[in-house]
Amino acid sequence: MSDMAFSSSACATHSNSVLDTDAQPVVLRASGLGIQFGGLKVVDNVDLSIAAGERRLLLGPNGAGKTTLFNLIAGDLRATAGTVTLFGQDVTAESTASRARRGVARTYQIITLFRETTLLRNVQLALMAGTRRRWNPWASFDGPGSDRRARDVLEQVELDTKVHSIVANCSYGEMRRLEIALALAQSPRIVLLDEPLAGLSGPERRRVGALLSALPRDLTILMIEHDMDIALAYAETITVLQGGRVVVDADKQTVLDDPRTREIYLGH
Ligand SMILES: Nc1ncnc2c1ncn2[C@@H]1O[C@H](COP(=O)(O)OP(=O)(O)O)[C@@H](O)[C@H]1O
Ligand SMILES: [Mg+2]
C-alpha cells in the first residue's frame, strides 16, 4: 500500500472509518464470510480487508464464487456465516438499500438497464432510488439538481452526447458505460464492478479501462475481470478465489508470482 498515491485525509471526513495497520481506513472487511446453497458452500470462510482508495482485483475461475461474494457484500444475498463490515459498521443484517446508503454501489455481470427509456432517465432513476432496484415510479425526477448530477455522471463515462438516446438503441459498449454511470450516480465510496469489460471490443475495453483509471483516487474499487491486460494494469492488489475460498491475497506482484495463482487461474 505504500506506493499508493492516496491522501489519507481524503477519507478523514468519514466518521465511521476504522484504522488499519497500514494507517489507511478500512472501508470493507469480510470475516469468516460464507453462504451455502443446499449444503454447497459457494463462499466459504472468506476474510477480506480493503482499504480506502484501494484498487483490488478479484480473480478466479468460473464458478469460484466471485459474483456471490459481491452479492454478500452488497446485500443482494444474506450470509449464512461470518460478517460484512462497511466503514467500521457491521452491516451483515442490513438490506441492499441500507448498504447503498452507506456508500456501496455495484454493477452486474448481466446488464440490468431500463432499456425503453433514455440514458438520462436511467441515471435519474438511480439517483432517486438509493439503489436502482428500489425506485419509486411516482417520485419526481426532473428537478434541476438531479438533472445536473445525472449529466455530470454521464459525462464521466463519456456518454454526455447521448443523454436523450434510448438505451435499447445504444451499443453494448455504451450500455456497459451506462451501468458504470448508474453505480457512480449515488456518489459511492466503494464500487463493486462485476466484469465491466465482458463482451466489449478491444477499443471499448481500452476506453472503459481509461475511464476507470480516471475515477477519483479516494474511491475504492473492487473488480472482477478476466481481461488481464487492462485489469492487471489497473489493480494494485489481487485476491484469488477458488471453490469459494481465498487462495492468495496480496499485492499484485506477489499474487502473480505465486505458483498457486498460475496453477489455478492462469492454467500453467
Ligand atoms: N442462488 C444460487 N443457488 C445455488 N447455487 C448457486 C446460486 N448462486 C450461485 N450458485 C453457484 O455458486 C457457484 C459460484 O457462482 P458465482 O458466484 O456466480 O461464480 P463466479 O462469479 O466466480 O463465476 C456456481 O457453482 C453457481 O452455480
Ligand atoms: Mg460471476
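## Briefing on a predicted protein model with one ligand shell

Residues are numbered from 1 along each chain as its sequence is written, and chains are lettered from A and ligands numbered from 1 in the order in which they are written. The protein has nine helices and 11 strands (DSSP runs numbered from the N terminus: H or I of at least four residues for helices, E of at least two for strands).

**Overall picture**
- Of the 268 residues in the protein, 41% are buried (20 or more other C-beta atoms within 10 Å of the residue's own; exposed means 12 or fewer, partly exposed is in between, and C-beta atoms are placed from the backbone).
- Among contacts with a separation of 6 or more, 65% join residues 24 or more positions apart (a contact has C-beta atoms, placed from the backbone, within 7 Å).

**Helix 5**
- Helix 5 has 14 residues and reaches 20 Å from its first C-alpha to its last, close to the 20 Å expected at 1.5 Å a residue (1.5 Å times one less than the number of residues).
- Helix 5 is mostly covered, with 10 of its 14 residues buried; among them are R176, R177 and E179.

**Helix 6**
- With 12 residues (202–213), helix 6 reaches 17 Å from first C-alpha to last, close to the 16 Å expected.
- Its buried residues are R205, V208, G209 and L212.
- Seen down the axis of helix 6, these residues fall within an arc of 105 degrees, so they line one face of the helix (the arc is that of the directions from the helix axis to the C-beta atoms).
- On the other side of helix 6, P203 and A210 are exposed.
- The cover over the buried residues of helix 6 includes helix 5 (172–185) and helix 7 (228–234).

**E225**
- E225 sits in the loop between strand 9 (220–224) and helix 7.
- E225 is buried, because 24 other C-beta atoms lie within 10 Å.
- Leaving aside neighbours within four places in sequence, E225 is in contact with L57, E195, P196, L197 and A231.
- L193 is 32 residues from E225 in sequence and 8.2 Å away in space, C-alpha to C-alpha.

**Ligand 1**
- Around ligand 1 are F37, V42, G60, N62, G63, A64, G65, K66, T67 and T68 (C-beta atom, placed from the backbone, within 6 Å).
- Helix 1 (residues 66–74) gives the most to this shell, with three residues.

Notes. Predicted model: local features only at pLDDT ≥ 70, side-chain atom pairs only at ≥ 80, totals over all residues. Contact = placed C-beta atoms within 7 Å.
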